[in-house]
Amino acid sequence: MTEFISAHWLDMLGTVTGLVYIWQEYKASVWLWITGIIMPVIYIFVYLDAGLYADFGMQVYYVIAAVYGLAAWLAKGRSDSSTDGSGITHFPKRLILPATAAFLVLWAVIWYVLITFTDSQVPMLDSWGNALSIIGLWALARKYAEQWWIWIAVDAELSALYVNKGIPFTAGLYALYTVMAVAGWLKWQRMITDGNEHTKQTE
C-alpha cells in the first residue's frame, strides 16, 4: 500500500485539486482560475513521468490561460448587467467555423511536434485532446455555455487515454469530469434562462 501511494501520490494530489476545480467551474466561481494555476504545476510532473509529452507541454499554456481567464472573468463581471452577474452566454454561431478551423490547425501542429520531436506512443490521441482543450479553455474564459460540450468530448477521450497510460486516479477524475460536464451544461443553461426571465420581468 505504501509503495502504491508513493508511486501515485502526485496523481492523487492532482485528482483532489481537479475535483475542486470542476466544482468551482460548475458553480461558475471565479476561484476556478486560481485552482487552474495550481493544478497544471502538479500535472507537469505527472504527465512527464507518464510520457504524455503534449499534456506535459500544455501545462504551461494552462497556467497562462488561467491568468487570462481570471482577468477576462473579472472584466466581464464588472461590465455585466445581468441580475446574477454570471455573464454566461451562448457560443456565437459566427465563431463555430473559425473555432473548428483553429482546432484542426492546432491538432495538426501538436501531432507533428509529437511525432517529430518526442517518442510519444499515442501522438494522435494526445494531440487531439490537447488541441480541443485549447478551444475549450478559450470558450470557458468567454463564459460560453457550450464550452461544456467541448469538455464532454475531451474528458471522455482523456479518461480512456489515462487508463491506457497507467494513471488510474487521473483517469477516474476525467471520467467524473465527463459526468460533471453534462451537469455543468444543464446548470449553465438554467442560469441563462433564469437571467433572461428576470430581464423580461424588469422591462
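Glycine 166 follows helix H6 and has a positive phi, near 75 degrees. Helices here (H or I, at least four residues) are DSSP runs, numbered from the N terminus. This is a predicted model, in which local features need pLDDT of at least 70 and side-chain atom pairs count only at pLDDT 80 or more, while totals for chains, interfaces and linings use all residues. Residues are numbered from 1 along each chain as its sequence is written, and side-chain values use heavy atoms, with hydrogens and water left out.

Stay with H6 for a moment. The expected span of a helix is 1.5 Å times one less than its number of residues. H6 has 18 residues and should therefore span 26 Å; its end C-alpha atoms are 26 Å apart, in agreement. Buried means under 20% relative accessible area, exposed over 50%, and partly exposed in between, with a 1.4 Å probe and protein chains only. The buried residues of H6 include Trp148, Trp151, Asp155, Glu157 and Tyr162. In general, an α-helix has 3.6 residues a turn, so residues three or four places apart point the same way.

Now the core. A nonpolar core is a set of buried Ala, Val, Leu, Ile, Met, Phe, Trp, Tyr and Cys residues joined through side-chain atoms within 4.5 Å. The largest one has 54 residues. Trp33, Tyr47, Leu52, Leu137, Leu140, Tyr162 and Trp188 touch the most other members. Seven named helices each supply at least two residues: H1 (2-26), H2 (32-50), H3 (53-79), H4 (96-117), H5 (123-141), H6 (147-164) and H7 (168-202). H7 gives the largest share, 10 residues.

Contact means heavy atoms within 4.5 Å. Beyond its neighbours within four places in sequence, leucine 137 is in contact with Tyr21, Trp33, Tyr61, Tyr62, Ala65 and Trp151.

On a 1 Å grid over the protein atoms alone, a cavity is a set of points where a 1.4 Å probe fits but cannot get out; a pocket is an open set with protein on both sides within 12 Å along at least five of seven lines; lining residues have an atom within 4 Å of a point. Grid points are joined across faces, edges and corners, and a volume is the space filled by probe spheres set on the points. How many cavities of 30 Å³ or more are there? The count is 1. The largest cavity holds about 360 Å³. Its lining has 23 residues, and Tyr21, Met39, Tyr62, Trp151 and Tyr174 are the closest to its centre. H1, H2, H3, H5, H6 and H7 each give two or more residues to this lining. H2 gives the most, with 6 residues. For residue classes, Ala, Val, Leu, Ile, Met, Phe, Trp, Tyr, Cys and Pro count as nonpolar, Asp, Glu, Lys and Arg as charged, and the others, Gly among them, as polar. The cavity lining divides into 16 nonpolar, 4 polar and 3 charged residues.

The largest pocket has about 260 Å³ of space. Among the residues that line it are Phe91, Lys93, Phe103, Leu132, Glu146 and Trp149. H4, H5 and H6 each give two or more residues to this lining, and H4 has the largest share, 4 residues. By class, the pocket lining has 9 nonpolar, 1 polar and 2 charged residues.

Threonine 35 lies in helix H2. Its relative accessibility is 9%, so threonine 35 counts as buried. Leaving out residues up to four places away in sequence, threonine 35 touches Thr17, Val20, Tyr21, Gln24 and Pro40. Threonine 15 sits in helix H1. Threonine 15 is buried because its relative accessible area is 12%. With the same exclusion, threonine 15 touches Tyr43, Phe169, Thr170 and Leu173.

Turn to the loops. Alanine 28 is in the loop between H1 and H2. Its phi is positive, near 55 degrees, in a residue other than glycine. Is alanine 28 buried or exposed? Alanine 28 is buried, with a relative accessible area of 18%. Lysine 143 lies in the loop between H5 and H6. Phi of lysine 143 is also positive, near 60 degrees. Lysine 143 counts as buried, at 6% relative accessibility.

Finish on H7, where valine 179 is found. Valine 179 is exposed, with a relative accessible area of 56%. Its C-alpha atom is separated by 9.1 Å from that of alanine 156, 23 residues apart along the chain.
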